[in-house]
Amino acid sequence: MNVLVVVPAYNEADCIADVVTGIVAAGYPCVVVNDASRDDTVRLAAAAGATVVDLPINLGVGGALRTGWRYAIDHGFDTVVQIDADGQHPVTHIADLIRVMDDRTLDMVVGSRFADGGSHDGVSMMRRMSMRLLSTILRRFAGVALSDPTSGFRAIRTPLLAEFAEEFPPHYLGDTFEAALVAGRRGYDIAELAVPMRARQGGTPSADIFASIRSMIRALVVLITGTSFDIRPKPLGER
Ligand SMILES: Nc1nc2c(ncn2[C@@H]2O[C@H](COP(=O)(O)OP(=O)(O)OP(=O)(O)O)[C@@H](O)[C@H]2O)c(=O)[nH]1
Ligand SMILES: [Mg+2]
């Protein structure tokens, strides 16, 4: 098995030790990408058995993930499973994501709390409605059927993984919805697996309501303009 579990983590001292312990106990190598946390995340992750990649500045979840994808490729892994550091995702379902990926020869499998057989501890009405809209867009514009388009519990395999290691959106929603949109449009095969998800088990959520609305608007602009991953400053030499 050539699977690396990647955990992006920002100020997750409350939960990171339990998450890493679960991953290691399930038999997977685990990399925690510490996104310049100001708490004890690094020490606790390492003590629980993870390899820690310690970013000196905060890149946001997409930047942390791309670091994880790059680590996987550079160390010879062909498959990654991404899992939140907040205890939200079921470590017990890592093997199921991989199995579905193998059985159906998929490039990405996304854990869904909203698929038949999935469950969650309660998602606000506003967030639920945004997710429905994003789901419809994904289906309509990329032919990708994901009922949980912002889920950060998923398996990704090369060649898509190698592509993501080179180019991956750094902003909120870019790493989930936009990545699925672009991958679907590029012809990669993506499916979902029903999973139980809890609410985060400690720490602080990344996006408040305003950040979520901003991200939704940005996602729609990306869709309409087709700019996707290209919204970023050019390297100095090319300006
Ligand atoms: N907040 C935040 N999280 C980051 C950052 N970089 C990496 N992460 C991690 O990215 C993962 C996803 O963030 P969450 O805050 O759990 O986002 P979410 O799951 O959509 O929101 P919740 O439902 O509140 O858990 C977590 O493991 C974070 O620790 C960052 O810059 N900010
Ligand atoms: Mg979370």
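This dialogue explains how to read several features of a predicted model.

User: Which secondary structure does the protein chain contain, and how compact is the protein chain?

Analyst: The protein chain comprises eight helices and seven strands. Its radius of gyration is 17 Å, close to the 18 Å given by the globule rule for 239 residues, so the protein chain is as compact as a globular protein of that length. Along its principal axes, the C-alpha trace spans about 50 × 45 × 35 Å.

User: How many of the contacts in the protein chain join residues 24 or more positions apart?

Analyst: Among contacts with a separation of 6 or more, residues 24 or more positions apart account for 75%.

User: What share of the residues is buried, and which residues touch the most other members of the largest nonpolar core?

Analyst: A residue counts as buried if 20 or more other C-beta atoms lie within 10 Å of its own. The largest nonpolar core holds 66 residues, and Ile16 and Val32 touch the most other members. Leaving aside residues up to four places away in sequence, Val32 touches Val7, Ala9, Ile16, Val20, Ala45, Ala50, Val52 and Ala85.

User: Is helix α7 (residues 174-185) largely enclosed or largely open?

Analyst: Of the 12 residues of α7, 11 are buried, so this helix is largely enclosed by the rest of the structure. Among them are Phe177, Leu181 and Val182, together with Asp175 and Glu178. The buried residues of α7 pack against α3, β5 (108-112), α5 (125-142), α6 (160-166), β7 (190-194) and α8 (209-225). Just after α7, Gly187 has a positive phi of about 95°.

User: Which residues surround ligand 1, and which element gives the most to the shell?

Analyst: Ligand 1 is surrounded by 18 residues, of which the closest are Tyr10, Asp35, Ala85, Pro205 and Ser206. The elements giving two or more residues to this shell are β1 (3-9) and α3 (60-74). α3 gives the most, with three residues.

Key:
Residues numbered from 1 in each chain as written. Chains lettered and ligands numbered in written order. Predicted model: local features only at pLDDT ≥ 70, side-chain atom pairs only at ≥ 80, totals over all residues. Near = placed C-beta within 6 Å. Helix = DSSP H or I, 4+ residues; strand = E, 2+ residues; numbered from the N terminus. Rg over C-alpha atoms; globule rule 2.2 N^0.38 Å. Contact = placed C-beta atoms within 7 Å. Core = buried A, V, L, I, M, F, W, Y, C linked by C-beta atoms within 7 Å.
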